[in-house]
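Have the sequence and the structure open as you read.

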Amino acid sequence: MAAGWESLLQDEQQLEELALQAVDRALAEGVLLRTSQEPSSSDVVSYAPFTLFLFFPSLVPSALLEQAYAVQMDFNLLVDAVSQNAAFLEQTLSSTIKRDEFTARLFDIHKQVLKEGIAQTVFLGLNRSDYMFQHSADGFPALKQIEINTISASFGGLASRTPAVHRHVLNVLSKTKEASKILSNNPSKGLALGIAKAWELYGSANALVLLIAQEKERNIFDQRAIENELLARNIHVIRRRFEDVSEKGSLDQDRRLFMDGQEVAVVYFRDGYMPSQYSVKNWEARLLLERSCAVKCPDIATQLAGTKKVQQELSRVGVLEVLLPGQPEAVARLRATFAGLYSLDLDQEGDQAIAEALAAPSQFVLKPQREGGGNNLYGEEMVQALERLKDSEERASYILMEKIEPEPFGNCLLRPGSPVRVVQCISELGIFGVYVRQGKTLVMNKHVGHLLRTKAIEHADGGVAAGVAVLDNPYPV
């Protein structure tokens, strides 16, 4: 199997043999998902989709990878600053909450917590900032941010396990030099470090970490990686649904949170980022959690800080300088990653943005205030939505974004039940960030690893969990 890439591509049998070896190694490394048929059971599992080739040609410019890592601590500071600025959040989201019920419900809880007084004193952020590489006429790609995820930023666990798979593929091909260049990556360890620091600062040795989980969770092994890191530090994690919190969660007179009679130090949300995840009882449970003095990851203000409307507002001239005073270098690093972002409020600015998007629809993306992938609108779908929305206040619940155009490349995407073939792809790079604040003192601020996801160019939107993208590793060049 020491053949070159070109001859390998011509030999279907050899390609399929390599794919079998790669899949077996992925299973052995724990790059796993539950099946869509049995999302609540681990009796039968499958490998998480991933790329077969790493060196051919999932190449990432080293300078852009370094830039993404360097700016992550600035994004941590920015998210934390926004979460503490109630006036900025209220002003920024004022038009959105009139038309977007989900954001409005989150904001209502935020207001209730502020009115009662914030009980928690330790704050934890586990973020992932996602980027694409904008292709330019001069041949030099630019790093442009897609979004920042402030709740349930996933795949830190599985991303910790894919480097070994791709090293194995290259070693099978006798490309040991290339295999040695694959970056080590362990986001799950860094994310757990943040949770552990927050748990420690909470100051109760017998308190638990409560992971808010979905009942049907295909991506459980990604979460278990973080749980296992915490258990290695003798920090115990319990998994419960919102419904369980509604039935068995309680606060004492000091607003300490108890679940099944056990004190909770940290609440780690891996649920609660989409409207469909909330019933009336679930909203009540979320309010109970937010009112407690437990460390929430994220607290409601930090979840609001990750909305698309806030992202758009941060791109306005002068806003970063207000939120991060006296930090011009950080402001410059942040602003360099911003793509064009445009408000759709019912005013002249919004009218102009809609007119530009309708005149050149291929250059824009229409984004609602939603997480979880598969929500954005492109091309003709975007045009139809804008025609419907242009005279309605509902348009304020969306933003427009410049469409980022990476240069496509060939890769082989391995999915259970799909044929092994090379397709044209684009990639999205995510950098995981962790910060912990006690009162007004920042005690931790760091980047803790990366995630590369690759998808075929015919898929405009959607990630790994949505069944569109696959796990990958960057090969720095």
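Glu405 is partly exposed, with a relative accessible area of 38%; "partly exposed" covers the range between buried (under 20% relative accessible area) and exposed (over 50%), using a 1.4 Å probe and protein chains only. Lys403 is also partly exposed, at 29% relative accessible area. These two residues form a salt bridge, with the closest N and O atoms 4.0 Å apart.

A quick word on what you're looking at: this is a predicted model, where local features need pLDDT of at least 70, side-chain atom pairs count only at pLDDT 80 or more, and totals for chains, interfaces and linings use all residues. Residues are numbered from 1 along each chain as its sequence is written, and side-chain values use heavy atoms, with hydrogens and water left out.

Side chains of opposite charge can pair when their charged atoms come close. Here a salt bridge means a side-chain nitrogen of Lys or Arg within 4 Å of a carboxyl oxygen of Asp or Glu. That rule gives a count of 29 salt bridges. Here are some of them:

| Asp130 | Arg128 | 2.8 Å |

Helices (H or I, at least four residues) and strands (E, at least two) are DSSP runs, numbered from the N terminus. Both Asp222 and Arg270 are buried.

Now for the other pair: Asp130 and Arg128 are both buried. Through shared partners, salt bridges join Arg128, Asp130, Glu428 and Arg453 into one network.

Where do Arg128 and Asp130 point from S5? They point one way, along with Val122, Leu124, Leu126, Met132 and Gln134, while Phe123, Gly125, Asn127, Ser129, Tyr131 and Phe133 point the other way. Strand S5 (residues 122-134) is mostly covered, with 13 of its 13 residues buried.

What does S5 pair with? Strand S17 (residues 422-438) runs antiparallel to S5, joined to it by 10 bridges; two strands count as paired if DSSP finds at least two bridges between them. Ser129 stands opposite Ile431 in S17. S5 also pairs with strand S6 (residues 142-149), in the antiparallel sense, over 7 bridges. There, Gln145 in S6 is the bridge partner of Tyr131.
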